[in-house]
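Subject: Structure for you, with notes

Hello,

Here is the structure I promised. My notes follow below it.

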Amino acid sequence: MRILLTGGAGFIGSHIALLLLERGYDVLILDSFVNSSFNVINRIKTYLDNKDLKYNLKIIKGDIRDKRTVDNIFFESLKESKPIETVLHLAGLKSVSDSVTNPLHYWDVNVGGTLNLLLTMNEYECHSLVFSSSATIYGLSDSIPMSENHNISPINPYGKTKVAIENMFDDLYKSNKNLWKICSLRYFNPVGAHPSGLIGEDPIGIPNNLFPFITQVAIGRRTVLNVYGDNWETRDGSGVRDYIHIIDLAQGHLASIDYLNSNESCLEFINLGSGKGYSVFQIISQFELSTGCQIPFDIQSRRDGDVGVCYADISKAKKLLGWAPKKSLEEICLDGWNWQIKNPNGYT
Ligand code: NAD
Ligand code: UFG
């Protein structure tokens, strides 16, 4: 079965690609490499070659907004008698702060790119899709953990593009309830790395996110971690989030493909998280305990746009997909650290 994986060279996409190939899927990656390195592909191949696995992997360097490129992918697959059966759509831009500065670019790539993809899928009668949505679409409220029914009220352009895409799915599904099969997966905080240490997260420039910042402090690339606020209404005053091991998250996509294959038509919005909330101080302590590294930190004022507590109710994913996260916070720390020490400067 051929899968089109857009954004397959990115942090999340590369882990999904590896699992799909291990499971015997024929995988076609479309990526512009605007936020990823071609070395990722070599690493995936190295891993599979070392395991003596036969695999079918094709890479297309191109832009999701380019109609001709996307059309060609479906056309050529059909010509090879390997029609694309399911699309996993991850290609997009993801920086909250960048989206505030360049909103049109975010609408263009995220919404325009998805629209282009959906139009082409429809033309080629491929109606099976797994999409990368985000917990950032949820609005502020005291109802924690957050279920899929939580109010939708994004506060930044990035989150608004994800909501627009989900609305597009809604219109599409309602237009013909017997046609489309869509899982829109709302990720919480994906972290860690593949246990091999061959692939992992490689942010460009100064990391915005907590976890890569911690591993870069540990390896000596940064001197001190800024902790944004110790006066939140949480157990120790620092912000609480739902950190999910990247492999658990990737497994959620495989479970979604199985779910789509066992359904005639559907549109489901599904949280993917660990279902647990950990504070910044808890993450620092666990990282220090697991790795033996010290993480010096400074307390700073709260970061603009942050919330105190955000973690997922994952009962829907468990029930519908038969999926549950398996990896502990300790495994997250160990695998993230293993990736960082094996690749002190990421893929470069
Ligand atoms: P990433 O930047 O590592 O991966 C995205 C990939 O898409 C990159 O390889 C990039 O080169 C590619 N891409 C960007 N624009 C493109 C375009 N116009 N055409 C083709 N390819 C393009 O990000 P990630 O963390 O792997 O995130 C993947 C998806 O998951 C994104 O849609 C993101 O919004 C979503 N998501 C991520 C997180 C997170 O914390 N990482 C949380 C929620 C949702
Ligand atoms: N934090 C620090 N210091 C840092 C970075 C983060 O103290 O250097 C704190 C934050 O204040 C927050 C927690 O660590 O309390 C987690 O912050 P992240 O930036 O790692 O993650 P967020 O939950 O803020 O946001 C991430 C992605 C968003 C996505 C969201 C939900 O960046 O794009 O998860 O999926 F929408």
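Some ground rules. This is a predicted model, so local features need pLDDT of at least 70 and side-chain atom pairs count only at pLDDT 80 or more, while totals for chains, interfaces and linings use all residues. Residues are numbered from 1 along each chain as its sequence is written, chains are lettered from A and ligands numbered from 1 in the order in which they are written, and side-chain values use heavy atoms, with hydrogens and water left out.

Salt bridges

The structure holds 15 salt bridges (a side-chain nitrogen of Lys or Arg within 4 Å of a carboxyl oxygen of Asp or Glu). Side chains of opposite charge can pair when their charged atoms come close.

One of them joins Asp26 and Lys82, at 3.3 Å from N to O. This pair links distant parts of the chain, 56 residues apart. Asp26 sits in strand S2 (residues 26–31), and Lys82 in the loop between helix H3 (67–79) and strand S4 (84–89). Helices (H or I, at least four residues) and strands (E, at least two) are DSSP runs, numbered from the N terminus. Asp26 is buried at 8% relative accessible area. Lys82 is partly exposed at 31%.

Asp306 pairs with Arg303, at 3.1 Å from N to O. Arg303 is partly exposed, with 37% relative accessibility. Elsewhere, salt bridges that share partners join Arg2, Asp26, Lys58, Glu80 and Lys82 into one network.

Asp170 and Lys174 form another salt bridge, at 2.8 Å from N to O. They are four residues apart in helix H6, so about one helical turn separates them. Asp170 is partly exposed at 23% relative accessibility. Lys174 is exposed at 54%.

Helix H6

Helix H1 and its ends

Eleven of the twelve residues of H1 are buried, so the helix is largely enclosed by the rest of the structure. Among the buried ones are Phe11, His15 and Leu21.

Gly10 lies in the loop between strand S1 (2–6) and helix H1 (11–22). Gly10 is buried, at 19% relative accessible area. Leaving aside neighbours within four places in sequence, Gly10 is in contact with Asp31 and Ser36. Gly24 follows H1 and has a positive phi, near 95 degrees. Gly10 and Gly24 are 14 residues apart in sequence and 21 Å apart in space, C-alpha to C-alpha.

Backbone points to check

- The peptide bond from Ile144 to Pro145 is cis, with omega near -5 degrees. Pro145 is in the loop between S5 and H6.
- Phe33 is not a glycine, yet its phi is positive, about 60 degrees. Phe33 lies in the loop between S2 and helix H2 (39–50), and is buried at 12% relative accessibility.
- Asp52 also has a positive phi, near 60 degrees, in a residue other than glycine. Asp52 is in the loop between H2 and strand S3 (56–61), and is exposed at 71% relative accessibility.

Second largest pocket

The second largest pocket has a volume of about 310 Å³. It is lined by 15 residues, and Ser141, Asp142, Val307, Gly308 and Val309 lie nearest its centre. A pocket is an open set of points on a 1 Å grid over the protein atoms alone, where a 1.4 Å probe fits, with protein on both sides within 12 Å along at least five of seven lines; lining residues have an atom within 4 Å of a point. Grid points are joined across faces, edges and corners, and the volume is the space filled by probe spheres set on them.

The lining divides into six nonpolar, five polar and four charged residues. Ala, Val, Leu, Ile, Met, Phe, Trp, Tyr, Cys and Pro count as nonpolar, Asp, Glu, Lys and Arg as charged, and the others, Gly among them, as polar.

Best wishes

Technical notes
Buried < 20%, exposed > 50% of the residue type's maximum accessible area, 1.4 Å probe, protein only. Contact = heavy atoms within 4.5 Å.
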